Every structure is written in structure tokens, then in C-alpha cells.
Amino acid sequence: MHGSALSGWLLVAVCAATGAYCVLRLRSRCERARSAAGGEAVMGFGMAAMAVPAAFATPPPWLPGVYAAVFAAVALRAGWLVRAHGRGAGGHHHLHHAVGALAMVYMALAMTGSGGHAHEGHTGPAGGIPLLTGVLVVYYVGYVLTTGVRLVPAAGPARDGAAAGAPGWGARPELALACRLSMGMAMLAMLLAL
């Protein structure tokens with residue numbers, strides 16, 4: 001990834017923290033929540049690994065191929081889950097997860113195609129960004145905006161999160177949504193840094 005070392009390390013921190021939180025969500029009692037948390041943990045840690053600044057450690061030439069293979073497997077699994085869950089909320093989430101995994105495959109392949117410098121000489125019309133990168137950027141801008149809006153609290157009486165019967169911090173849906181929002185913003189930053 002291009003960009004400053006500071007922005008790279010910030011992406012590593014955000015993605016690793018998100019992956020760690022998703023590992024904690026694996027303790028959920030709900031099978032669907034566990035399945036989503038596992039896939040999101042892989043995405044978070046994989047994104048953290050891909051965001052490590054090249055100035056810190058020069059990746060071996062085979063590493064982008066490993067990234068591409070891992071994320072292709074994640075995309076296949078998410079595609080299988082889309083088929084299993086149909087058009088419900090679970091299916092839409094798995095479809096988003098498949099898009100994210102395929103975006104990671106795309107970024108890994110861009111790294112291999114240019115010796116770690118994505119898209120040198122592979123610009124779109126009139127020297128702009130490649131078409132697929134542009135489509136993914138538009139998708140993730142929309143995803144980040146709609147997810148952010150869903151996090152805005154609805155008007156109503158304030159609730160005490162520490163009240164009896166409230167879910168633990170690892171099982172709170174708004175934290176899972178914030179986790180997805182942070183991964184969406186990190187993906188957007190990584191696409192813009194290509």
C-alpha cells in the first residue's frame with residue numbers, strides 16, 4: 001500500500017483491534033453471530049497484515065499470492081453462506097463480506113502485478129484510477145455512510161447500558177455495527193492508497 005508510514009500503522013491498529021473484538025464476539029450464543037464474527041476476524045487481521053508499511057518490512061514476493069488465496073477462500077465461504085441464507089439480513093451481510101473478500105483479492109493481485117506498487121501504469125481513462133477501484137470506492141463510501149447512519153441513536157428514552165438484563169459488551173449489536181463501520185472505513189482507505 002502507498003501512503004505514509006503513520007497512516008499505515010493507524011490502519012494496522014484499527015484493523016487488528018477490530019479483528020480482536022471479532023474474536024471476542026465468537027463467544028456469542030447465536031450461531032449466525034459466531035459465523036459472522038469469525039469471518040470478520042479473518043478480514044480484520046488480514047487487512048492489518050496487508051496494511052503494514054512496506055518501509056517497515058519488505059514483503060517476500062510470494063506473500064501477496066498467499067493473501068489472494070486466503071481471501072479467495074473467504075469469498076467462496078461467504079458466497080456459500082449467501083446461498084444458504086437467501087435474501088434475508090444474514091444473506092445481505094454475507095454478500096457484503098464476499099465483496100470485501102474479493103476487494104482484498106483484488107488488492108493482493110494489484111500488489112503482485114506491480115512488485116508491491118499497485119497500479120503503476122494501470123490507470124483508467126485519462127490517467128485516473130482503474131474502473132474496478134472506482135467501483136469499489138463508490139461501494140464502500142455508500143456502505144460507510146449507510147452504516148454510520150444506522151449507528152445514530154433513535155429518539156427515545158435513554159437506556160442505561162449497565163442495567164440488569166443488558167447484553168455484555170461483546171454481544172451488543174451496536175458494537176458489532178461499529179466494528180463493521182471501522183472495517184469499511186479501513187477498506188476505503190486501503191483502496192484509496194492503491
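This is a predicted model: local features need pLDDT of at least 70, side-chain atom pairs count only at pLDDT 80 or more; totals for chains, interfaces and linings use all residues.
Q: OK, what does E40 do with R25?
A: Their side chains meet in a salt bridge, with 2.6 Å from N to O. Since R25 lies in helix 1 (residues 5–25) and E40 in helix 2, the pair ties together parts that are 15 residues apart in sequence.

Q: And is R25 buried or exposed?
A: R25 is buried, because its relative accessible area is 6%, under the 20% cut-off for that word.

Q: What about the E40 and R180 pair?
A: The side chains of E40 and R180 also form a salt bridge, at 2.6 Å from N to O. Here E40 sits in helix 2 and R180 in helix 6, so the pair ties together parts that are 140 residues apart in sequence. Both of these residues are buried, and for E40 the relative accessible area is 1%.

Q: How do helix 2 and helix 6 cross?
A: The axes of helix 2 (residues 31–51) and helix 6 (residues 173–192) come within 11 Å and cross at roughly 35°, and the crossing is left-handed.

Q: Which residues meet there?
A: From helix 2, A36, E40, M43, G44, M47, M50 and A51 meet R180, M183, A186, M187 and M190 of helix 6.

Q: Switching topic, which residues make the nonpolar patch on the surface?
A: V42, W62, V66 and V70 form that patch, and together they have about 360 Å² of accessible area. One of them, V66, is found in helix 3 (residues 63–85) and counts as partly exposed, at 38% relative accessibility.

Definitions and conventions
Residues are numbered from 1 along each chain as its sequence is written. Side-chain values use heavy atoms; hydrogens and water are left out. Patches are made of residues with over 30% relative accessible area and no salt bridge: like charges are joined within 9 Å, nonpolar side chains (Val, Leu, Ile, Met, Phe, Trp, Tyr) within 5 Å. Accessible areas come from the Shrake-Rupley method with a 1.4 Å probe; for residues, only the protein chains shown count as cover. A salt bridge is a side-chain nitrogen of Lys or Arg within 4 Å of a carboxyl oxygen of Asp or Glu. Helices (H or I, at least four residues) and strands (E, at least two) are DSSP runs, numbered from the N terminus. Buried means under 20% relative accessible area, exposed over 50%, partly exposed in between (1.4 Å probe, protein chains only). Axes are lines fitted to C-alpha atoms, for helices over the stretch in contact, and angles run from 0 to 180 degrees between N-to-C directions. A crossing is left-handed if the near helix is turned anticlockwise from the far one by less than a right angle, and right-handed if clockwise. Contact means heavy atoms within 4.5 Å.
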